[in-house]
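Biologist: Hi! Could you walk me through this structure? I'm still new to this.

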Amino acid sequence: MVVKNVCCIGAGYVGGPTCSVIAWKCPDIRVHVVDKSEMRIKQWNSDKLPIYEPGLEDVVRECRGRNLFFSNNIETAIKDADLIFISVNTPTKTYGIGKGRAADLKHIEMCARKIAEVAEGDKIVVEKSTVPVRAAESITHILSANTKPGVSFQILSNPEFLAEGTAIENLLNPDRVLIGGEESEAGAAAVAELTWIYNHWVPSEKIITLSTWSSELSKLASNAFLAQRVSSINAISALCEATGADVTQVASAVGQDSRIGSKFLTASVGFGGSCFQKDLLNLVYIAECVNLPEVAMYWQQVTDMNVYQRTRFAKRIVECLFNTVTDKTLAVFGFAFKKNTGDTRESPAIYVCSHLLEEGARLNIYDPKVERSQIEYDLTSAAVTNEPERIKKLVQIFDDPYEVVKDAHAIVVLTEWDEFKTYDFKKMHEVMKKPAFVFDGRKILDHEALIKLGFHTETIGKRFTRNCLLRSSGGDL
Ligand code: NAD
Ligand code: UDX
């Protein structure tokens, strides 16, 4: 078989960009991305794509209608395809056994059943979603229990490592591509087909073939290691604040050890995103299920430290604002979980804002890419409050950062958008209540300059003595 038709079930943050890049790099392959959501598909076929990702629009514009198609015709797409990616969401379970920790595989199972129901001929089914180790076994069981004559399936694991905000860059130049398959002749043939697709643009030495179980576990382990680095530096940031050290200097010093490396050592208000917390909890759950409580406890600490970090930051805001934020207006810069995305899933902003709202603060929020309705939804959902009507009255969302700060007591930076660094903070200081505060949860602003302008400035992993000097000398503060 030479793959001519690819189908991708799930037109989300992974399925959309991944298949757009496959279509762009493989003009000889027809790529059909399908989703059960009519709204999502409508957006993929419009000028305003459902997700913001630098470079994505150009790729979609070039390929859409040529060899890239988005539709809700799931059955047709499965029938036509030689190879099917499953890229549906695998969120943390919110009910039943494993609630709050295990990955919910109901969408994966529905895909497997749909494929078994409508497939005609041989198919390669590729697990692109992040799944618990041995999930491919369940897919295989469902498919083989429902196989019709003349139909055969090969299951591959091919986890995705793109990060949001840099998805296109990561897809074009991946550090590695993992392909896990069955150790048999048919398994090897399926691996060769998927390798052939990636070989259109990824050099062979970056394509790693491994067992299906190793491939599945490597994805969870990679995210756990990355999240662990962020929690490690955040733990050090708390020590810095208590001792007078500066976490930027410590991170730089530590990161220059080539065995440690300098990436992913930026202290912050905490990690967010749809993956880290979910995959860590999944790992913890798997460890518990195989009776390894010490292993489970070890990884649990990574997510506990993250909760501690964002709570610590929110509490510090209240403390600095003379122990009360009730009826004070705070200007929030950034709501996305990181820059260059409009995604807010597990964003630390949700938790910091909820803490401040709980304390009675009024929040003026600005984010360059997050939809107004998304912010409203995130702050009023049942997961964060049982008083949605009260919250609605306390939150205002703005399109202009200079409007956000009017009469505000403080600016709170929760996402590291580049544009925040370019603002005229002198102008902002003039229209704010005094003393005016800045809480930089992302360490992106010029703190010395802010202090000179008269802002009381607080950030992660560093204490500014000059704030105190100004206070004791009867200065602006
Ligand atoms: P997403 O929620 O953005 O997209 C998933 C899509 O699947 C949704 O549009 C949903 O409507 C669709 N879907 C669900 N069930 C379906 C079904 N039965 N039939 C058709 N469509 C269905 O999720 P995502 O962020 O793209 O993540 C997908 C998977 O990739 C997850 O397992 C995630 O852990 C993993 N992953 C995500 C990222 C990331 O940065 N977001 C990176 C690497 C891996
Ligand atoms: C992550 C993984 O990086 C990616 O490989 C996987 O496929 C999906 O999950 P993503 O969540 O999109 O990607 O973004 P990432 O860049 O990993 O950032 C995650 C969170 O950690 C963000 O909130 C970010 O702000 C935070 N972070 C990251 C830090 O606080 N400090 C750092 O040094 C790095």
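Predicted model: local features only at pLDDT ≥ 70, side-chain atom pairs only at ≥ 80, totals over all residues.

Biologist: Is strand β10 mostly covered or uncovered?

Modeller: Mostly covered: 4 of the 5 residues in β10 (residues 362–366) are buried. Buried means that 20 or more other C-beta atoms, placed from the backbone, lie within 10 Å of a residue's own. Strands are DSSP runs of E with at least two residues, and helices are runs of H or I with at least four, numbered from the N terminus.

Biologist: Which strands does β10 pair with?

Modeller: β9 (residues 329–333) runs parallel to β10, joined by 5 bridges, and β11 (residues 395–397) is also parallel to β10, with 3 bridges. Strands pair if DSSP finds at least two bridges between them. T329 stands opposite R362, while N364 has Q396 in β11 as its bridge partner.

Biologist: New topic: at what angle do α9 and α11 pack?

Modeller: Helix α9 (residues 212–243) and helix α11 (residues 276–289) pack at about 115 degrees, with axes 9 Å apart. Axes are lines fitted to C-alpha atoms over the stretch in contact, and angles run from 0 to 180 degrees between N-to-C directions.

Biologist: Which residues meet there?

Modeller: Among them are L220 and A224 in α9, and F276 and L283 in α11. Contact means C-beta atoms, placed from the backbone, within 7 Å.

Terms used. Residues numbered from 1 in each chain as written. Chains lettered and ligands numbered in written order. Buried ≥ 20, exposed ≤ 12 C-beta atoms within 10 Å, placed from the backbone. Contact = placed C-beta atoms within 7 Å.
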